[in-house]
Amino acid sequence: MQTQMTTRAIYARHTNTKGESYVASHVVWSTDETDGAVLFIAARQREAQKLNDDSVVPTERKAKVEQITHDTYLKDRARV
């Protein structure tokens, strides 16, 4: 049996080490066995944690990534 691959849009809030954030949409690939959204968000969260770990200034360790809903994405984009 061949693996079925599909794409879908997900939405995330990205926050840098200073606490400044933006929202973005991303297209991820998923298969029958793997949820691309889970893998994508987990990878971005590891990158954010590395930024925090590497930050010299203790108060600038606010980097994070969180998945948000489409409605939240649209509301945040409307504020810009």
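Where is S55 found? I began my entries on this predicted model with that residue, and I located S55 in the loop between α1 (36–54) and β3 (64–68).

I then looked up its surroundings. S55 has a relative accessible area of 12% and is therefore buried, the cut-off for that term being under 20%. Setting aside residues up to four places away in sequence, I noted that S55 touches E60 and R61.

Next I turned to the sheet, which I recorded as open, with three strands in the order β2-β1-β3 and antiparallel pairing. Because β2 (21–31) and β3 stand at the edges and each has a single partner strand, one side of each is left without a neighbour in the sheet. From one strand to the next, I noted a twist that averages 35°. For β1 and β2 I recorded antiparallel pairing over 11 bridges, and I found T15 standing opposite S21 in β2.

I also followed helix α2 (residues 70–79), which lies across β1, β2 and β3 and runs at about 150° to β2.

My last entry concerns the largest nonpolar core, which has nine residues in all: I10, A12, V28, A37, F40, I41, A48, A63 and V65. At least two residues of this core come from β1 (5–15), and at least two from α1; the largest share, four residues, is supplied by α1. I looked at F40 separately and, leaving aside its neighbours within four places in sequence, found F40 in contact with I10, H26 and V28.

Note on methods. Residues numbered from 1 in each chain as written. Predicted model: local features only at pLDDT ≥ 70, side-chain atom pairs only at ≥ 80, totals over all residues. Heavy atoms only, no water. Buried < 20%, exposed > 50% of the residue type's maximum accessible area, 1.4 Å probe, protein only. Contact = heavy atoms within 4.5 Å. Core = buried A, V, L, I, M, F, W, Y, C linked by side-chain atoms within 4.5 Å. Pairing = 2+ DSSP bridges. Axes fitted to C-alpha atoms, helices over the stretch in contact; angles between N-to-C directions.
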